[in-house]
Each structure stands twice: as structure tokens, then as C-alpha cells.
Amino acid sequence: MTVRIDGSLEGIDWTRAKADLAADDFDNGRSPRALRMSFEQSQHVAIARDGDRVVGMARLLSDGVCNAYLLDVWTMTAYRRQGIGSAMVRRLMEQVPGQHIGLQTDDAQAFYASLGYRPQPAFMSAISGTWLANDANDANEP
């Protein structure tokens, strides 16, 4: 098994990627189209591949000046504990020197702490309207 990490979205089967995320209990409900759009509209992405198969992904949003947000960091279960997730996060961090990078996690605090992340004061969020009720998740779109 030879895994390579790149920043290209070429050749990704988004339907398969969504199915793999769901199989790993990492699917947040986006349609394959919305998943693709999330990555296409991010400033930086990291994709781990074993051959043509996507086995990990992560993305980063940034204002290009001082603030960035890391999200959707996932490594397929069979590929975990091999440094793939760490390599993807480091790759993304290198793309935003001098910026504060925030993230939200429910259960991976130790993983992110090992990469230099530290707890911050209260994080707050809100949903505009209904979660995932938008054109990107229109059930009539592929």
C-alpha cells in the first residue's frame, strides 16, 4: 500500500467518497455534489490516495491574512495510525504561514494536540436556516 497526498481534486469519484465517509460514520449529510462543492470552494485541500482510491481528505478555509479554519479531516479506517492524517494537516498548515488555524472536534483532541493545536476559549456557532437545506444539497442534482 503506497499512499500519496496531493492537492488535486481530479479523478475523485464523489459518490464513492461519500459512501466511504458514511461507512466510517464520518458523513455529515452532504450530497456527493455538495461534498465536491465544499472541496472545490476551499482555498486548500489535501487528498490521500492509494492508487485511484481516496483514502483520506482534509480542507482549509482561509482569509489569506490571519485566520484559517481546518475541517473535514478524515482518513479511512483501514489506513489510520500510519501518519496520513498528520501529513494532510501539516500540508495544509504549511499553506497558511502566520495564520491562526481554528478547528472543531468532538473526539480527536489528542490527535490535534500532537500537531500543536491548543484548546481555545468557548467556540460558538449558529446555523443559518435549516442544516444543509441549500441548493448544493438539492436531491435532484447528481
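## R16 in helix α1

R16 sits in helix α1. This model is predicted. With a relative accessibility of 41%, R16 counts as partly exposed. That value falls in the band between the two cut-offs, because buried means under 20% and exposed means over 50%.

Now look from R16 to A78. The two residues are 62 residues apart along the chain. Their C-alpha atoms are separated by 16 Å.

## The overall fold

How many helices and strands does the protein chain have? The secondary structure comes to four helices and five strands. Follow the sequence and the pattern reads β-α-α-β-β-β-α-β-α. The radius of gyration is 15 Å, close to the 14 Å that the globule rule gives for 142 residues, so the protein chain is as compact as a globular protein of that length.

The C-alpha trace spans about 45 × 40 × 25 Å along its principal axes. Take the contacts between residues at least 6 apart in sequence. Of these, 60% join residues at least 24 apart.

## Surface and interior

The protein chain has an accessible surface of about 8700 Å². Carbon and sulfur atoms account for 49% of that surface. Buried residues make up 38% of the 142 residues.

## The nonpolar core

The largest nonpolar core holds 31 residues. Which of them touch the most other members? They are M57 and L70. The elements that each give two or more residues to this core are α1, α2, β2 (44–50), β3 (53–62), β4 (67–75) and α3 (84–94). Strand β3 supplies the largest share, five residues.

M57 is then in contact with W14, A17, F39, A46, I47, D72, V73, W74 and M88.

Which residues of α2 are buried? They are R33, A34, L35, S38 and F39. The cover over these buried residues includes α1, β2, β3 and β4. One of them, F39, is also among the contacts of M57.

S31 lies in the loop between α1 (14–23) and α2 (32–40). S31 counts as buried because its relative accessibility is 13%, and the cut-off for buried is under 20%. The side chain of S31 reaches the backbone nitrogen of A34 at 3.0 Å. A34 is itself one of the buried residues of α2.

## D6 in strand β1

D6 lies in strand β1, which covers residues 3–6. Is D6 buried or exposed? D6 is buried, because its relative accessible area is 16% and buried means under 20%.

The side chain of D6 has two polar partners to find in the structure. A polar atom of this side chain lies 3.0 Å from the backbone nitrogen of S8. The side chains of D6 and R49 are joined by a polar contact of 3.1 Å.

What else does D6 touch, leaving aside its neighbours within four places in sequence? D6 is in contact with V45, A46, I47, R49 and R91. Two of these residues, A46 and I47, are also in contact with M57.

Methods: Residues numbered from 1 in each chain as written. Predicted model: local features only at pLDDT ≥ 70, side-chain atom pairs only at ≥ 80, totals over all residues. Heavy atoms only, no water. Buried < 20%, exposed > 50% of the residue type's maximum accessible area, 1.4 Å probe, protein only. Polar contact = N/O pair within 3.5 Å; in protein donor to acceptor, adjacent residues only side chain to side chain. Core = buried A, V, L, I, M, F, W, Y, C linked by side-chain atoms within 4.5 Å. Contact = heavy atoms within 4.5 Å. Rg over C-alpha atoms; globule rule 2.2 N^0.38 Å. Areas by Shrake-Rupley, 256 points an atom, 1.4 Å probe, with all protein chains shown as cover.
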